[in-house]
Amino acid sequence: MVRDEKNSAGGAAVTKWRRFAIEAGMEFFRASGAHRLAEPFTRGLGAILMFHRVRPRLEQAFEPNQPLEITPEFLNALILWLRQRGVAIVSLETALTRLRDGASAAPFAVLTFDDGYRDFVEHALPVLERHGAPFTLYITAGYADASARLWWVELEEAIRRLDRVDVVAGGKRVSRVAATAEEKRAAFAEIYAQLRAGDEAELLRVVTALSAEARLEPLALTRRLCLGWSELRALSRHELATIGAHSVTHARLAKVDCAAAIYEMTESRLRIESELERPVRHFCYPVGDPTSAGRREFELAALLGFASAATTRPGMIFPAHRDHLLALPRLSVNGRHQSLAALDILLSGAPFALMNAGRRVMATA
């Protein structure tokens, strides 16, 4: 899921505009090399990089969630490239210490992985161990015990099995033939946009209906794709690991009431601490864009005593973020920009300076 929308029917338009702005900016920097001139002013202290799935490329005709994936080979190349550029790969705790102290050391990168996918252990961990690269794993508690649903994967798998979709999502009927890969991509995109603009109950209602029609077992999908508690217990003891909380059900917190948001944040931490017997100091907002985590959620994270909380708002880390540790930006490393040339532009910070009109901290709403 690419996570960057406004909480309304206009959300899809905002997302398309932001994606267009980033892509246009990327093309401009590619052609001009202007990001190299801007970098001393736009790079900041470093960046928190966001990953989801790491696995070999499947090369399927229909894979709408592929932007959430990178290959193990690209992760390996990325780590080598960062170190060749003099970027220190540090733990989240070390990055926060540098930020609080205002240390003027080499630029840093923090590697964070969301949700707790099984392929992290199979494909990402060997690469990280080879390079001694610390990482943070944000765990969704309901995925670890297979009680919560990977709805975007469910949607993909349901449409893969169906030759036609006919649902009402967000008050709009989506009725499409979905026999070919192209037709399936169009169906997924339309339904996904409607679901992202709506609330959590509507999202689950629609995906449940499609899963039932496709004869999918949602929680079996979660169990197959996500690490269980015993595996996470071993992983939490790894010398390179920092464990953070990522809610119970992966609900978009800004779209649920305050009591539900508090439950998602507190219960996830309590459950992870109980299962792993490790303190959990850090949180990551599910989906994490402005429609999913805003001022209320930042204030709740402070009230609940988290040391830091990560969003998916794109941006670099600047000294001013020491006053906004519960609304930290991250850079998504994904299949859409799976090249070192693209990463070179993104890590200059120039595209985000352009997109944010020069504002360094986007954490006030």
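Tutor: R215 sits in the loop between α9 (200-213) and α10 (218-225). Helices (H or I, at least four residues) and strands (E, at least two) are DSSP runs, numbered from the N terminus. This is a predicted model, where local features need pLDDT of at least 70, side-chain atom pairs count only at pLDDT 80 or more, and totals for chains, interfaces and linings use all residues. Residues are numbered from 1 along each chain as its sequence is written, and side-chain values use heavy atoms, with hydrogens and water left out.

Student: Why is R215 called exposed?

Tutor: Exposed means over 50% relative accessible area, buried under 20%, and partly exposed in between (1.4 Å probe, protein chains only). R215 has a relative accessible area of 73%, so R215 is exposed.

Student: What makes the phi of R215 worth a remark?

Tutor: Phi of R215 is near 60°, a positive value in a residue other than glycine. Most residues other than glycine have a negative phi.

Student: Where is V287, and is V287 buried or exposed?

Tutor: V287 lies in the loop between β10 (282-284) and α13 (295-303). Its relative accessible area is 2%, so V287 is buried. V287 also has a positive phi, about 65°, although it is not a glycine.

Student: What makes strand β9 mostly covered?

Tutor: In β9 (residues 241-245), 5 of its 5 residues are buried. A241, I243 and A245 point one way, T242 and G244 the other way.

Student: How do you know that β6 and β9 pair?

Tutor: Two strands pair if DSSP finds at least two bridges between them. Strand β6 (residues 135-139) is joined to β9 by 5 bridges, and the two run parallel. One of the bridges has F135 with A241 of β9 as its partner.
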